[in-house]
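Thanks for coming, everyone. I would like to walk you through one structure today, so please have a look at it before I go on.

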Amino acid sequence: MLPFKLVYHPGYDLNLGQHVFPSQKYRLIYEKLQADGIASPGDIVSPEPACDEDVLRVHTADWVHKLKTGTLSASEQMKLEVPYSRALVGAFWLAAAGTIAAAQCALRDGFGCNLGGGFHHAYPGHGEGFCAIHDVAVAIRRLQHDGLIRSAMVVDTDVHHGNGTASILSGDDSVFTLSIHQENNYPAHKPPSTIDLNMEDGAGDQEYLATLLSAVRKSVEKFRPNIMFYVGGADPYLEDQLGGLALTMDGLKTRDESVFHEARVRNIPVVTTFAGGYARRVQDTVQIHVNTVLAAKQTAERLAPSP
Ligand SMILES: [Zn+2]
C-alpha cells in the first residue's frame with residue numbers, strides 16, 4: 001500500500017489515435033504502477049467529472065459553452081491542436097476533477113497524485129497546445145472556495161512555459177507560480193510567472209537541477225504556501241520530440257524527489273500532475289511519469305516518523 005492516494009479514471013485517455021500526444025499514456029502508467037508492485041487497487045481513487053461550477057471559477061462561460069456544444073471556431077480548434085470530440089471534453093472535465101480529488105487527498109495524506117492533468121496551456125477563454133481546461137487552477141480555486149487553503153504554489157517543470165497558469169494566476173498574491181522551461185520553445189508568448197527560469201537549449205541535469213532547486217528552496221521558504229501543485233512534465237527528457245533540453249531519466253527523478261523534499265520537509269502538502277511527454281519511445285514517457293509517483297513514495301517514506 002502507498003502512504004497516499006493515486007487518482008485515475010479510464011476516461012483520462014483523450015483517444016487521439018496516431019498523434020504526437022500519446023494520450024494512452026495514462027492507462028499505461030496506471031497499469032505499470034500495478035505491474036511493478038508500486039501501487040495496488042486499494043491505492044487508487046476514481047474521480048467523478050468536475051461540476052461546471054468548479055470549471056467556471058477559472059474559465060469563461062463562453063469557452064465552457066463552446067466546449068460543451070462543439071462550436072469552436074476554426075482558429076480556436078487550430079490553437080487547441082487536438083481534434084475536438086465529446087470524449088475529449090469529458091477527459092478534460094475528468095482531469096480537473098482528478099486534480100481536485102488529488103488536492104483533497106494531499107491535504108489529508110501529505111501527497112496526492114493525479115495520474116493525469118497538468119494542462120498548463122489552457123487560458124480562461126481559449127485552449128492551446130493540447131490543453132482545454134486548466135485543472136490546476138480549477139483545483140486551487142475550489143480549495144480556496146471551500147476555505148481549505150489560502151495560498152498555493154505551482155511548480156511547473158514541463159519543458160514548455162506555463163503560459164495558461166501565468167495568465168490565470170499572475171497578479172493574485174495568494175498564488176506563487178514558478179516555471180522552469182526551455183526559453184527557445186513553444187509558447188512564443190510567455191506571460192510572466194512569479195518566477196520564470198529560462199533554460200538554454202541543450203541544458204543538462206546539473207545546470208537544470210542547480211537552477212531549479214535553488215529557486216524552489218528560496219521560494220518555498222519565503223512564500224510558505226498552504227499547498228504545492230507540481231506539474232511534472234516528462235518532456236525535458238533528452239529524447240523528447242518536442243523538447244530541446246537534455247535531462248536524463250535519473251536527472252528527472254532527482255528533480256521530482258528534490259522538489260517534493262523541499263515541500264514535505266516543511267510539512268507542505270504536494271499534489272502531483274503529469275503534463276507533457278513526447279519521448280520517441282512511449283515507454284520512456286511512461287517510466288518518467290511512474291518515477292514521479294515513486295519519488296513521492298520514497299520522499300514520504302524517508303520523512304515518515306519512525307515507529
Ligand atoms: Zn510540454
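Along the chain, the donors of the zinc ion follow the spacing D-x1-H-x74-D, where donors are N, O and S atoms within 2.8 Å of the metal (3.2 Å for Na, K and Ca), and water is not among the atoms, so sites may look incomplete. This is a predicted model, in which local features need pLDDT of at least 70 and side-chain atom pairs count only at pLDDT 80 or more, while totals for chains, interfaces and linings use all residues. Residues are numbered from 1 along each chain as its sequence is written, and side-chain values use heavy atoms, with hydrogens and water left out.

The protein donors are Asp-158 (OD), Asp-158 (OD), His-160 (ND1) and Asp-235 (OD), which lie 1.9 to 2.7 Å from the zinc ion. His-160 sits in the loop between strand S4 (152–156) and helix H7 (163–169), whereas Asp-235 sits in the loop between strand S7 (228–231) and helix H9 (249–264), so that the pair, 75 residues apart, links distant parts of the chain. Helices (H or I, at least four residues) and strands (E, at least two) are DSSP runs, numbered from the N terminus.

How is the arrangement of the four donor atoms around the zinc ion classed, and why? It is irregular, because the angles subtended run from 54 to 153°; four donors count as tetrahedral if all angles lie between 85 and 135 degrees, four count as square planar and six as octahedral if opposite donors are over 155 degrees apart and all others between 65 and 115, and anything else is irregular.

His-160 is buried at a relative accessible area of 6%, and Asp-235 is buried at 0%, where buried means under 20% relative accessible area, exposed over 50% and partly exposed in between, with a 1.4 Å probe and protein chains only.

Pro-236 also lies in the loop between S7 and H9, and this residue counts as buried at 0% relative accessibility. Its C-alpha atom is separated by 7.9 Å from that of His-181, 55 residues apart along the chain. Leaving aside residues up to four places away in sequence, Pro-236 touches several others, among them Asp-158, Tyr-208 and Arg-255, with contact meaning heavy atoms within 4.5 Å.

Finally, a word on H9 and helix packing. Tyr-208 belongs to the residues of H8 that meet H9, and Arg-255 to those of H9 that meet H8.
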